[in-house]
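Open the model in your viewer and keep the selection panel at hand.

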Amino acid sequence: MLVKTYASAVQGVDARSIIVEVNAGGNVPENKPWYNVIGLPDSAIREGSYRVETALRNSGFRNLRLRTVINLAPADVRKEGAAYDLPIAMAYLQATNQMYAPDLKDYLIMGELSLGGEVRPIKGALPIAITARQLGYKGMLLPRENAREAAIVDGLDIYGVGSLKQAAQFISGREQIAPTEVDTRAEFARERTVFDVDFSDVRGQENIKRALTIAAAGGHNVILIGPPGAGKTMLARRLPTILPPLTLREALETTKIHSVAGTLPANNALITRRPFRAPHHTISDVALVGGGSFPSPGEISLAHNGVLFLDELPEFKRTALEVMRQPMEERRVVISRARITVEFPSSFMLIASMNPCPCGYFNHPDKECMCAPSAVKRYLHRISGPLLDRIDLHVEVTPVSLDKLTKAPARKPEGSTVIAERVQAARVLQEARFGEQRGIHCNAQMPSRLVREYCGLDAAGRKLLRTAMEKLQLSARAYDRILKVARTVADLEAALTISPAHIAEAINFRSLDRGSWGER
């Protein structure tokens, strides 16, 4: 008997429908394989015969050892993972008359089976549910642990099951399961602005707070240069607290990526806060950017709509840093393999930190640097010029004195809430400015044609910028980035035009472009 069930294959951050065709008929000798899978399956799917056979027996069903051929169509799409166990087992039960389910074709089914018949969670439940709704399925049957994640998709009944037996009883009408319901708006509003850290914890460092405020207001990349213990990591970890809250569209985009990667936090149906990813400097190129035999998202995609923090930037492998250059410009990464090409979004803010020299104490107010000038230069040159060009703000961080740390401040330091209000006001101006520009939401995302349109300078501003370009020998890309930062500074003041003061502040944040940097 031939039976069809429906499953799904995830490609990038999207999914497509897969037809699971199971034909069972004719006895098979005890020492011969009874189960053949065709349609470009990977080894995890081919090994599924052992899981399905054992799960059937331990769930109280019979394995009739009929010659069974399973086709996963379309045959030219690569299928991977053990999530096809459940649809294959359900189709086998129907094909061998151990279950009668006339509505089987109305459900998209996914789930991995354990040997005991339990249904284990899968990756990519959210994009699969979105595809199921688009294709008009009545409902979706999937592991109980993934039900809340999939249930944020409106217009589709989501049924979470814990075992093969429960799934079979439900689909044949012998057991009722209430569909999982999630109030997407309430889930989205939950903990959007709740953080464990705050800028009010920071003593001193007002110039760094200013730089991070500008970065947050315009979506600019930042590098913090300073000695150990100066507070670089502490400041970086507080950046998400002043960024504008995620919109619902951004939250869904981000959740899809984490769903595909299998990194969605337990019991969370939706990511409601901007991601903050801080990979270790030993990370490989593929782990950072994404890829693998079966392409999966890397750290730059997991940081989509959030912050990627690279601590001790010069210690990262140069090849890993260089492969970031194109995604930083295009805000997406395209991974091509022989059989497939996938695209992952990667629109993130980069915040990096580094010591100024190998010993870490160059320009320290109290400790003496033991490095030769050539060693300081070599240390900086571990970061390529093209990568530094793509970082808008270069900020020098100096240690806070003991007096500032121990003495009660004259007034309470500004908290994240106050700073975030200024950032949000600047972002509102930018959203209005780029309202008709698709995919552009902040100043850092402006292409060159919009820089010329929205970053006009008066005569004094042009003269100042020309002088800086000649003295610092800046590239054309650095020229554009200075204009973008100046536009953000003006937006924070709600100024319609860019003044020389705005240009001067933007130039001041190009420390590493100065030819004399690193000289005593």
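**A tour of the salt bridges**

Select Arg487: this residue is buried, with a relative accessible area of 3%. Buried means under 20% relative accessible area, exposed over 50%, and partly exposed in between (1.4 Å probe, protein chains only). The model is predicted, so local features need pLDDT of at least 70 and side-chain atom pairs count only at pLDDT 80 or more, while totals for chains, interfaces and linings use all residues. Residues are numbered from 1 along each chain as its sequence is written, and side-chain values use heavy atoms, with hydrogens and water left out.

Arg487 forms a salt bridge with Asp491, with the closest N and O atoms 3.2 Å apart. A salt bridge here is a side-chain nitrogen of Lys or Arg within 4 Å of a carboxyl oxygen of Asp or Glu. Asp491 is also buried, at 3%. Both residues lie in helix α21 (residues 476–492), four residues apart, about one turn of the helix. Helices (H or I, at least four residues) and strands (E, at least two) are DSSP runs, numbered from the N terminus.

Next, select Glu315 and Arg382. Their side chains meet in a salt bridge (3.3 Å, N to O). This pair links distant parts of the chain, 67 residues apart. Glu315 sits in the loop between β14 (307–310) and α13 (318–322), and Arg382 in the loop between α15 (373–380) and α16 (385–389). Glu315 is partly exposed at 35%; Arg382 is partly exposed at 38%.

Now pick Glu322 and Arg325. This salt bridge spans 2.3 Å, N to O. Arg325 is partly exposed, at 27%.

Last, select Glu329, Arg390, Asp392 and Arg481. A network of salt bridges links them. The whole structure holds 22 salt bridges.
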